[in-house]
Amino acid sequence: MLKRMSSEEVVLTAEDLCVKFKSGQDYIQAVRHVNFEMFKGKTLGLVGESGSGKSVTTKSLLRLHDHKTTRIEGNVHFEGKNILSLPSKKMSEIRGSRISMIFQDPMTSLNPLLKVGDQVAEVIIRHQHIGKKEAKEKVIKLLESVGINSPRQRYHQNPYELSGGMQQRIMIAIALACEPTILLADEPTTALDVTIQAEIINLMKRMQKKSDMAILMITHDLGVVANICDYVAVMYAGQIVEYADVNTIFKDPKHPYTKGLISAMPTLGRSRKRLEVIEGQPPRLTGGEITSCAFAERCKSVMDVCRSVPPLSTGQGSGHSVCCHLYPEKEVALDGN
Ligand code: SF4
């Protein structure tokens with residue numbers, strides 16, 4: 001289990017979370033034994049390349065996968081219950097109200113046939129059981145709070161009449177309509193241009209400060225991580241391979257994969273050095289448990305043991321943990337460092 005950094009209030013705990021997709025006679029192990037905690041008012045970044053299991057992990061917290069083809073194992077504790085074993089009706093009461101989600105592309109997430117105001121109101125009416133008129137006034141206030149100008153006029157517009165940035169603001173309004181405890185954000189700025197990205201990140205930070213909600217931010221953009229995250233979990237091949245507070249991840253990364261991601265980050269300056277790349281491809285996740293380090297085929301520091309024994313997560317002090325044979329468990333001093 002990843003260690004708690006301080007006395008911060010835990011709002012969600014994922015324990016030994018595994019997600020498997022049926023593929024013919026076999027299963028694809030998209031998420032493997034993932035553990036993490038989310039804290040009130042804090043942002044946890046889930047980082048890794050495409051296919052590392054970030055979105056699958058996040059969607060499993062809301063049980064959004066097709067239950068006929070997906071097996072979710074482990075526990076997700078939220079408000080005193082394991083939400084993975086709640087009846088569907090109870091789960092749908094949590095989804096969109098206590099835990100809500102925004103997705104990468106607002107245009108495909110909004111209903112093109114409905115006025116944007118009605119799409120926000122629908123969530124409020126459903127979860128707060130109030131009338132249309134009262135909901136409309138709440139929506140107008142909410143649109144204003146997420147930076148939509150002329151909210152009364154905008155209420156009656158269709159999604160295609162708004163810019164990408166405005167559409168994402170509508171998605172944020174929908175997600176925040178019921179003042180959730182947790183906001184899951186799946187690459188919410190990837191489809192937007194750079195200036196709008198900054199506006200949306202600032203908006204999320206502002207809304208978080210106002211309501212103290214916890215955010216799970218999925219991204220492959222380390223610039224976004226540095227800007228908004230308090231803690232970072234680096235995912236590779238369905239596993240968390242390193243976890244630490246955001247400063248530690250950038251100043252003292254330990255796992256060779258984390259180091260590779262940071263070296264692949266473009267920096268401003270006159271340097272004509274080529275960007276580093278992580279050579280090779282992630283392993284296929286079919287055929288049972290992986291019996292080596294999943295990063296072994298791409299790792300420049302690979303040792304014999306890496307090819308025959310999967311590494312375990314070890315504590316490196318101050319809540320920093322890493323899953324790599326190069327780092328045995330560190331003796332922790334009484335001050336926790
Ligand atoms: Fe590299 Fe071995 Fe560490 Fe895996 S366990 S990241 S192969 S050094």
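Which residue in β5 does H77 stand opposite? H77 faces N82 there.

## Ground rules

This is a predicted model, where local features need pLDDT of at least 70, side-chain atom pairs count only at pLDDT 80 or more, and totals for chains, interfaces and linings use all residues. Residues are numbered from 1 along each chain as its sequence is written, and side-chain values use heavy atoms, with hydrogens and water left out.

Helices (H or I, at least four residues) and strands (E, at least two) are DSSP runs, numbered from the N terminus.

## The open sheet

Strand β4 (residues 70–78) and β5 run antiparallel, with 2 bridges between them; strands count as paired if DSSP finds at least two bridges. They belong to an open sheet of 4 strands, ordered β2-β1-β4-β5, with antiparallel pairing. At the edges sit β2 (26–39) and β5 (81–82), each pairing on one side only.

Helix α1 (residues 54–61) packs on this sheet and touches β1 (10–23), β2 and β4; contact here means heavy atoms within 4.5 Å. The direction of α1 makes about 115° with that of β1. Axes are lines fitted to C-alpha atoms, for helices over the stretch in contact, and angles run from 0 to 180 degrees between N-to-C directions.

## A buried strand

Now for β8 (residues 214–219): 6 of its 6 residues are buried, so the rest of the structure largely encloses it. Buried means under 20% relative accessible area, with exposed over 50% and partly exposed in between (1.4 Å probe, protein chains only). Both faces are covered, with A214, L216 and I218 on one side and I215, M217 and T219 on the other. In general, side chains in a regular strand alternate between the two faces of the sheet.

β8 has parallel partners: 5 bridges join it to β3, and 5 join it to strand β7 (residues 182–186). To pick out a pair from each, T43 has I215 of β8 as its bridge partner, while A185 has M217.

## Helix against helix

Take α4 (residues 116–128) and α5 (residues 132–145) to start: their axes come within 9 Å and cross at roughly 120°. That makes α4 oblique to α5; angles under 35 degrees count as roughly parallel, over 145 as roughly antiparallel, 65 to 115 as roughly perpendicular and the rest as oblique. From α4 the contact uses G117, V120, A121, I124, I125 and Q128, and from α5 it uses K132, A135, K138, V139, L142 and L143. By class, that is 8 nonpolar, 2 polar and 2 charged residues. Ala, Val, Leu, Ile, Met, Phe, Trp, Tyr, Cys and Pro count as nonpolar, Asp, Glu, Lys and Arg as charged, and the others, Gly among them, as polar.

α4 also meets α7, with axes within 8 Å and crossing at roughly 20°, which makes α4 roughly parallel to α7. Here V116, Q119, V120 and V123 of α4 touch I170, A173 and I174 of α7. This contact has 6 nonpolar, 1 polar and no charged residues.

On to α7 (residues 164–176) with α8 (residues 194–211): these axes come within 10 Å and cross at roughly 20°, so the two helices are roughly parallel.
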